[in-house]
Amino acid sequence: MEIISFEPQYSKDFKRLNIEWLEKYFYVEPHDEEVLGKPEEYIIKSGGQIFFVKQNEEIVGCVALMKIEENIFELTKMAVSPKFHGKKIGQKLMKFTIEYAKRQAWETLIIYSSRKLENALHIYKKFGFTEIPIEENNPYARGDIKMKLQLS
């Protein structure tokens, strides 16, 4: 297993993994469709990053870091292919992403999530994320919890 940075040829994998996840737990919102269809425009060009987990030439997981403001990024669009669940790929990806953010000298990571995703919330808390108030006009209809990790 290796973690690699975004390259345009992986755009379809990014969309596939996230749509698969969204359809399993929620539904695809217009905001998702737009961002997933144009990751370079919405994430990379504004200073963000996307990482992929590659196993035997297959892309099996991903995560994005979307710039909110200077040194504050949203950790978003994290997904692992269902056939690879239970192998701690999400935790390895989370650890890698946090270490990357620290090397960039970023101050804060933000996550929007849902209280019904108990396993995900457990992982976020395990890595030090704490709940903070969620704004009324948060970007995701499914989001009912906001968390942050102070990096510096």
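Me: Where is Ser 152 found?
Reply: In this predicted model, Ser 152 sits in the segment after strand S7 (145–150).

Me: Why is Ser 152 called exposed?
Reply: Its relative accessible area is 65%. Exposed means over 50%, so Ser 152 counts as exposed.

Me: Which residues does Ser 152 touch, leaving out those up to four places away in sequence?
Reply: Trp 106 and Glu 107. As for Glu 40, its C-alpha is 27 Å from that of Ser 152, and 112 residues separate the two in sequence.

Me: What makes Lys 15 and Glu 33 a salt bridge?
Reply: The closest N and O atoms of Lys 15 and Glu 33 are 2.9 Å apart. The cut-off is 4 Å, so the pair qualifies.

Me: Why does the pair of Lys 15 and Glu 33 tie together parts that are apart in sequence?
Reply: Lys 15 belongs to helix H1 (residues 11–25) and Glu 33 to helix H2 (residues 30–37), so the bridge joins parts 18 residues apart in sequence.

Me: Why do Lys 15 and Glu 33 count as partly exposed?
Reply: Lys 15 has 29% relative accessibility, and Glu 33 has 38%.

Me: What makes Arg 115 and Glu 131 a salt bridge?
Reply: The N to O distance between their side chains is 2.5 Å, and the limit is 4 Å. This pair links distant parts of the chain, 16 residues apart: Arg 115 is in the loop between strand S5 (108–113) and helix H5 (118–126), while Glu 131 is in strand S6 (residues 130–132). Arg 115 is partly exposed at 40%, and Glu 131 is partly exposed at 46%.

Me: How many salt bridges are there by this rule?
Reply: The count is 12. Salt bridges also link Glu 29, Asp 32, Lys 77 and Arg 142 in a network.

Me: Is Phe 26 buried or exposed?
Reply: Phe 26 counts as buried, because its relative accessibility is 19% and buried means under 20%. Trp 21, at 21%, counts as partly exposed.

Me: How do you know that Lys 116 lies over the face of Phe 26?
Reply: Lys 116 is 4.8 Å from the ring centre, and the distance limit is 6 Å. Arg 142 also lies over the face of Phe 26, at 5.9 Å from the ring centre.

Me: Which residues form one aromatic cluster?
Reply: Phe 51, Phe 73, Phe 96, Tyr 100 and Trp 106. Trp 106 is also one of the residues that Ser 152 touches.

Terms used
Residues numbered from 1 in each chain as written. Predicted model: local features only at pLDDT ≥ 70, side-chain atom pairs only at ≥ 80, totals over all residues. Heavy atoms only, no water. Helix = DSSP H or I, 4+ residues; strand = E, 2+ residues; numbered from the N terminus. Buried < 20%, exposed > 50% of the residue type's maximum accessible area, 1.4 Å probe, protein only. Contact = heavy atoms within 4.5 Å. Phe/Tyr/Trp six-rings, centres within 6.5 Å; stacked < 30°, edge-to-face > 60°. Lys NZ or Arg CZ within 6 Å of the ring centre and 35° of its normal.
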